[in-house]
Amino acid sequence: MAIAIIGWIILFITSICGQLSNRYIKFMLTIGVFILLSDALFTTQWGPIDGNSQIKISKTETIGQACLATAIVLISYFTPILSSKNYGFLLTCAITATSCIQLASIHAPHAESIINSDKSIHQVKFKGNIYEIVFDGFSGLEFSKTIRNLNIKNEFSGFTFFENSYANETGTDASLPSFFQGVGFRGGNYYEYQEKARYGGFRSRLRENGFNISLYIPDKARYWSFPSAQHVVTSMELAGINPRIQHLQTLLLVSAVRLTPIPIKRWTRRKLEAIFVNSSYHKYKSASIPLIDQFIKDEKNRNRAGNYIYMHLILPHPPFLLNSQCAVTQEVATSYDDQTKCATLQMVRILQAIAEAKNFDNSLILIHSDHGFDSVNSDPGPFAKEVPIDVENAITTNETFDTPGVMRRLRPLILSKRPAQSGEIQTSPKQVQLLDISATIYSELNMSNSSDGDSIFCDSCPYKPVEIYFGASRLSSIPHGKKFLFLKSSYSQSTGWGPVTKVEAIR
């Protein structure tokens, strides 16, 4: 929409201003038409705006954009000025009408209807709290090695580590709906699917059954938020970041990158992220530790039952700002390994705080990530060695990461403790997925399971392959209202990869 507005302004000025020179009018018309057509025809796939400057550039699109520019320049050169102005005026009117239709068609699903559609059939009696703690980008492939190197295995008494855990999506904004709802995307309006995670899912059922909802999250804008929560603390507030300014900076960044010719898009994004994103995102991530501090402070006065606490930490996710002891460093380069050690030490702090408040023994504690990390050195397992050609093609077509990176991002951390469970940390070989998080909570509370998953503790449940969707890493490059395809497959340790199918979506 921002690009349409920019192109519209250029066309509008040139179509009504008769005092401008003919050469200038033609030049502006040429630029305006190129911006609009280029952005519509060549939408570059690029990853989340998190400082990584992830952009996937196609040679075909580069050549196509160059041909488009040549054609527009030639047409403009040989078109009489009067015809150019008339054409610009008509195009301006057409864009205005199309944009109004698009705006009218974009709407958020009604919050009340989503919540009411997820009613529970009974009141839940649970003698403890539920803690769901998400460490963004924590690779499940690194956990065992990290606690061994830090010699803190005893700090995870009563926990089970699931070494064969899988994510259903490769990006945060797609992964959050999968584990809040426990339901994969089946097609249709993807925005509504994401919004239902914000208003519905297991959190709405907990709220209806009298649970007090507390959130410790990066901000209130993304799908980790829950409008019905009674208590919300954000990293953005703790870091003193104005959300409106940050959103404006993001809009400027996205618009500038989409305006830039394909050969220099990556360079443009990297330079603009250094100006608009990195400073605020660094504050954003650095506030993860103060967010934990606030949780620890609040935990001292928390009731021993009837609470659901969700915490989402941008850790060990890039940028790498913290050393292994969680001190912010600007001068010494740190690594993902340092961030992972820091994150694991923060897990221990959180668990100690829960134990000191005497909320540990009777509570369900779920520690997991939203996806793994693409650059770890650990072997992602057999599924990464058995990738069939149709899955390879799906990744090439729909992801900004390469195949080895996608395989590693599909290996998140899943670590959990049931109420009254004690003893040395156990490692389970069971295949589990993030879709199972909702089902696990329903099972522990004896609620009906409205998700597609099964409890991670259920050994007698029928076996289900992991649902895997390719396309999440490019969501930020797809304009609202535009149709696109997810490519879906499945994986099981016993039968391998399933066929790739198309899931049609509207952004």
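1. Cys 326 and Cys 342 are both buried in this predicted model. The two residues form a disulfide, with their sulfur atoms 2.1 Å apart. A disulfide is a covalent bond between the sulfur atoms of two cysteines. The torsion about the S-S bond of Cys 326 and Cys 342 is about 120 degrees, so this disulfide is right-handed. The pair links distant parts of the chain, 16 residues apart: Cys 326 lies in the loop between strand 8 (307-313) and helix 14, and Cys 342 lies in helix 14.

2. The structure holds two disulfides. Besides the pair in point 1, Cys 458 is joined to Cys 461, with an S to S distance of 2.0 Å. Here the torsion about the S-S bond of Cys 458 and Cys 461 is about 105 degrees, so this disulfide is right-handed. Cys 458 has a relative accessible area of 18%, which makes it buried, whereas Cys 461, at 27% relative accessibility, counts as partly exposed. With the bonded cysteines of the protein numbered in sequence order, the pairing reads 1-2, 3-4.

3. Strand 9 deserves a look next. Five of its five residues are buried, so by the cut-off of under 20% relative accessible area the strand is mostly covered. In a regular strand the side chains alternate between the two faces of the sheet. In strand 9 both faces are covered: Leu 364, Leu 366 and His 368 are buried on one side, and Ile 365 and Ile 367 are buried on the other.

4. The neighbours of strand 9 can be listed by sense of pairing. Strand 3 (residues 130-135) pairs with strand 9 in the parallel sense, over five bridges; Ile 133 stands opposite Ile 367 of strand 9. Strand 10 (residues 414-417) pairs with strand 9 in the antiparallel sense, over four bridges. The bridge partner of Ile 365 in strand 10 is Lys 417.

5. Aromatic contacts come next. The structure holds 29 aromatic pairs. A pair of aromatic rings is described by the distance of the centres and the angle of the planes. For Phe 135 and Phe 138 the ring centres are 6.5 Å apart and the planes stand at 80 degrees, so this pair is edge-to-face. Phe 135 and Phe 138 are both buried.

6. For Phe 159 and Phe 360 the ring centres are 6.4 Å apart and the planes are at 55 degrees, so this pair is tilted. Phe 159 is in the loop between helix 6 (143-150) and strand 4 (160-166), while Phe 360 is in the loop between helix 14 (336-356) and strand 9 (364-368), so the pair ties together parts 201 residues apart in sequence. Phe 159 and Phe 360 are both buried. These two residues belong to one aromatic cluster, formed by Phe 135, Phe 138, Phe 143, Phe 156, Phe 159, Phe 161 and Phe 360.

7. The charged end of Arg 205 sits over the ring of Tyr 442, 4.5 Å from its centre. The charged end of Arg 411 sits over the ring of Tyr 166, 4.7 Å from its centre.

8. Arg 205 is also among the buried residues of helix 9, together with Gly 201, Phe 202, Arg 203, Ser 204 and Leu 206. Helix 9 (residues 201-208) is mostly covered, with six of its eight residues buried. Just after helix 9, Gly 210 takes a positive phi of about 90 degrees.

Technical notes
Residues numbered from 1 in each chain as written. Predicted model: local features only at pLDDT ≥ 70, side-chain atom pairs only at ≥ 80, totals over all residues. Heavy atoms only, no water. Phe/Tyr/Trp six-rings, centres within 6.5 Å; stacked < 30°, edge-to-face > 60°. Buried < 20%, exposed > 50% of the residue type's maximum accessible area, 1.4 Å probe, protein only. Helix = DSSP H or I, 4+ residues; strand = E, 2+ residues; numbered from the N terminus. Lys NZ or Arg CZ within 6 Å of the ring centre and 35° of its normal. Disulfide = S-S within 2.5 Å. Pairing = 2+ DSSP bridges.
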